[in-house]
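Let's take a walk through this model, strand by strand. Have the sequence and the 3D view open as you read.

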Amino acid sequence: MAREPGDGGRLVFDLVDDAAGSAVPVPRSGSGDLPLPDDDEGGAGPDAGAGPDVGGTSNGRLRVLVPVAAVLAVVLGTGLAVDGARDGARMERMRDVSGGVGDVSGPLAETWRWEGLVGSRAAIDEGRGNEVAVLGDVLVFESDGELVALRPATGEEAWTVPLGENPDCGPFGAAGWARTTTPSLVCLEGSGADRAVTTVGPDGVVSARRELPAAETDRFGLPRPGPDGTVLRARRAGPGSAVDLGDARCTDTGECSGTVLDGQGLALRAEDAVTGAERWSTVVPFRPTRADQCNNWLGSTWDGAGSAVDLAQMIDPRVFGARIGADLVQLYGCGIETAVTPGGVPLGTDIEPGTGGVTSLVTGGYTGFTFEGMVRTVLYDGDGAVVGEIEGHALEPGVTDGEGPGVLLAMDTAGPRLRAYETDGTPRWDATTGSGGQLFLAQVAGTMLVMTGAGDVRGLDAATGETRWVWDGADGADGRYPEDLFVSRTFTDGESVLLLTENGSGGGGLVALDAASGEVVWEQHGDAAVTGGKYQGFDTSLVAVDGHLLEVTPSGVRGLG
């Protein structure tokens, strides 16, 4: 018996047969574990036969096997206990990891189902279905005039909160496509100028209702639910005479040319949802903008207050909207395309409107990127300060095992090269791959999973960039992986990486790969996933909540395990 090097104390035995065919554990050379008495015939030494026989076995051989077997049982039991404790700690850690699932070592099946409307009817009518939030360890969404919270393990309703007239709650995110974790939800309700606000916490406790004065709406703009327990307000700032349409023109079919040279900025204000006190305010200045960014096809402000669309003049220098998430407010519209952190810091103000954007990182901080001209990525810390710049488009992994520092991969547009960086821009390695990378799928068990332009998945050593393994779906699965296969979502249990695959015709399935070896652990295909006559295909709107994998559709939620 010996301890396997680098394996956290795992116990390893060599078994040899004695003359009677009994398997006896023998320690590996130099291990010093479980010494056996000397006996040329494999017995218990010269005095072994002095005592009575046990079970009719001569020369006391069983007297040696009994204590060895006892020790073996104890040692094996200890090893299993250690492995079990290690697995338990890993599963517990994955509950707090974005995209972490307790166990994806076997094929998935429905464990429970909740049927009903998911999302507000207004959002669904506007194409914003499947909007959910993760509060603490429950999944929350609006459904037929109330907030519903589901326990991810069982699908039971943890609590419900009735909503008032014309509710507007958030921040929500589209399941499977946006980050949805938030410490609280802010809900507006009421008609016309008579709006009020409450907040809802993870336990379903609702704050006292606070009226929103119409005078403040006139002064600061229409209210919207904001991140971190705030109400956001926005309005165009500056004199209307500042507007200079330049040579910008749009036809009634939406074809635009030219540039809007000047216009009004945007004043953004965040107030505490409970007290009404101002948290912060900022003014985003107007920047010259291509006409197609000033097209009034937006048709609304704040994604909700409808305005008439004048088909005779498609240029509207006042139009604006926003996508409000728990970790970033994305502003768009004529001259003011930028992002603002929950603390009120504008980001991406040096990016020409319509040529890039800003995203948030799971590990904290943000990236600003451009996709026209010289592609580059600006790195920001969690407070919005610039900490570095990277040539190329830098991506964070779709999921990690929560171990080690955050890492970004930059895709080289000039050839099949990948460069790894710390989130502050510090280089880690630069490596050549067989094909240009296009997606950074995961970083798990010291391995980076990258989907290349050729459609295969490569496992790269996280420390060096060296290729460990390659998985090409076209080589297996009886040809069920087409050439246009791509991976839309990833999840992990800290050992295996679950890939949600799709293709151009809408088909796909699930594939679990061992992160260290690249071996297929299991796979399920949507066209063949039928259990007991019931279709078990999977929608792309999958979310992980408290270590459980959930599928969310406009008509319900089901647990997978």
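Start at alanine 133: its bridge partner in E7 is valine 140. Strands here (E, at least two residues) are DSSP runs, numbered from the N terminus. E7 covers residues 138-143, and three bridges join it to E6, with the two strands running antiparallel. Two strands count as paired if DSSP finds at least two bridges between them. E6 and E7 make a hairpin with two residues between them, and glycine 136 in that turn has a positive phi of about 60 degrees.

E6 also pairs with E11 (residues 173-174), again antiparallel, through two bridges. There, valine 132 has glycine 173 as its bridge partner.

Is E6 mostly covered or open? Mostly covered: five of the five residues in 131-135 are buried, meaning under 20% relative accessible area (1.4 Å probe, protein chains only). Glu131, Ala133 and Leu135 point one way, Val132 and Val134 point the other, and all are buried.

Before going further, a word on how to read this. It's a predicted model, so local features need pLDDT of at least 70 and side-chain atom pairs count only at pLDDT 80 or more, while totals for chains, interfaces and linings use all residues. Residues are numbered from 1 along each chain as its sequence is written, and side-chain values use heavy atoms, with hydrogens and water left out.

Now for another sheet. Four strands form an open one in the order E29-E30-E31-E32, with antiparallel pairing. Its edge strands are E29 (356-360) and E32 (386-391), each pairing on one side only. Neighbouring strands in this sheet are turned by 20 degrees against each other on average, direction ignored; the axes behind that angle are lines fitted to C-alpha atoms. Five bridges join E29 to E30 (residues 366-370) in an antiparallel run, and threonine 359 stands opposite threonine 367 in E30.

How far can you trust all this? pLDDT is the predictor's confidence in each residue, from 0 to 100. The protein chain has a mean of 80, and 75% of its residues reach 70 or more.

| Element | Residues | Mean pLDDT |
|---|---|---|
| Strand E24 (lowest) | residues 305-306 | 36 |
| Strand E9 (highest) | residues 157-162 | 98 |

Two stretches call for a note. pLDDT stays under 50 over residues 1-73, where the model has 85 contacts (heavy atoms within 4.5 Å) beyond four places in sequence. Over residues 303-312 pLDDT also stays under 50, with 17 such contacts.

Terms used
Buried means under 20% relative accessible area, exposed over 50%, partly exposed in between (1.4 Å probe, protein chains only). Axes are lines fitted to C-alpha atoms, for helices over the stretch in contact, and angles run from 0 to 180 degrees between N-to-C directions.
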